[in-house]
Amino acid sequence: MATFQLQPAHDATTERLYRAAVVHAFKAPLSLDDVRAPELAAGQVRVRVEASGLCHTDIHAAHGDWPVKPSPPFIPGHEGVGIVTELGPGVTEVAVGDRVAMPWLGYACGTCDHCVSGWETLCLEQKNMGYSIDGGFGEEAVAYARYVVKVPEGLDPFDAAPLTCAGVTTYKAVKVAGTRSSNLVAVFGVGGLGHLAIQYAAIAGGRVIAVDVLDEKLDLALELGAEFTVNAAKEDPVEAIQRLGGADQAIALAVSPKAFEQAYGSLRRGGTLVFVALPADNEVKVPIFETVLNGITIVGSIVGTRADLREVFELHAAGRTHVTREIRPLAEVNQAIADVEGGRVAARIVFEP
Ligand SMILES: [Zn+2]
Ligand SMILES: [Zn+2]
């Protein structure tokens, strides 16, 4: 297979410009720049962005928080949704006019052991939207046709955007957790991801305990199908969940190692802890003795595949999930980031370019 090389938009040679939010230096505010639209390489499509969600990962990218860092300048965004306007050479997977989602998994090799066994999200050749290739925080974006996912007719692009990362990530986490009817599922963190995790755990048949430190978020959790809530600022979630018998599965979505430790402590014997959130502080303390004697499983879950995202869209189109989001202009990207960091956002911010 050919190796595709995506030129960063700001280095390309065509003269047409589009507006995008660009990270020039870690921890500096993003700037709204007119960047050059790159020419399409084989397998690529151009997408006119209609909606683009703000994920915590975008903030970590802009801060350079993680061990593997993006290289500025780059355009964040891996919840971009929009209309295909142009096809690069050889594209057959989508047509001009299709509405597509451009997820974190922007490209994978398609032939390695991971790719051919349905674990394309583990491909070592992968490229990630808004991280290693430019993402959806702009009026347009370039994506690989094989890795975009068509958005079903009638699905609101402002709902589709958060589903493209927050949705598929939590849907996959519930799959990996193995939740089935009668299981008690503890969801730690009720934000952009958590509010969807609660719904997927309930759809899988689980009884959901939502844990957060803000009462408004716990009220939202109850509206979305949680049966129990614990405010971790007011009571110990480990004790509260153990009083209920302990969680069969705990899903760690809060960007704090302490929440991961509490999630571990909330498990019943034989329970499963799913690591999903990626705190800047990369260490968590877990006891060996109890893990062995209690038969605990700890598993990491990274986003989801194209097949998972199709299922997420199908569930939403069938009216089985609700996306809590607010729309803001992309020009307010820095304020939006500050509001997410300050915990002042109910669930998800979706930008309109
Ligand atoms: Zn994300
Ligand atoms: Zn691969």
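Predicted model: local features only at pLDDT ≥ 70, side-chain atom pairs only at ≥ 80, totals over all residues.

Tutor: The zinc ion (ligand 1) has three protein donors to look for: Cys 55 through its SG, His 78 through its NE2 and Cys 165 through its SG. These donors lie 2.0 to 2.2 Å from the zinc ion. Along the sequence, their spacing reads C-x22-H-x86-C. Cys 55 sits in the loop between strand S3 (44–54) and helix H1 (56–63), while His 78 belongs to the loop between H1 and strand S4 (80–87), so this pair ties together parts that are 23 residues apart in sequence. Are these two residues buried or exposed? Both Cys 55 and His 78 are buried.

Now stay with the loop between H1 and S4, where Pro 73 is also found. The peptide bond leading from Pro 72 to Pro 73 is cis, and its omega is near 0°. That is worth a second look, because most peptide bonds are trans.

Finally, turn to helix H3 (residues 157–177). Its axis comes within 9 Å of the axis of helix H9 (residues 306–317), and the two cross at roughly 110°. That angle makes H3 roughly perpendicular to H9. Among the residues making this contact are Leu 163, Thr 164 and Val 168 of H3, and Leu 309, Val 312 and Phe 313 of H9. Taken together, the residues of the contact divide into 8 nonpolar, 3 polar and 5 charged. The crossing of H3 and H9 is right-handed.

Methods
Residues numbered from 1 in each chain as written. Chains lettered and ligands numbered in written order. Heavy atoms only, no water. Axes fitted to C-alpha atoms, helices over the stretch in contact; angles between N-to-C directions. Helix = DSSP H or I, 4+ residues; strand = E, 2+ residues; numbered from the N terminus. Parallel < 35°, antiparallel > 145°, perpendicular 65-115°, else oblique. Left-handed = near helix turned anticlockwise from the far one by under 90°. Contact = heavy atoms within 4.5 Å. Nonpolar A, V, L, I, M, F, W, Y, C, P; charged D, E, K, R; others polar. Donors = N, O, S within 2.8 Å, 3.2 Å for Na, K, Ca; no water. Buried < 20%, exposed > 50% of the residue type's maximum accessible area, 1.4 Å probe, protein only.
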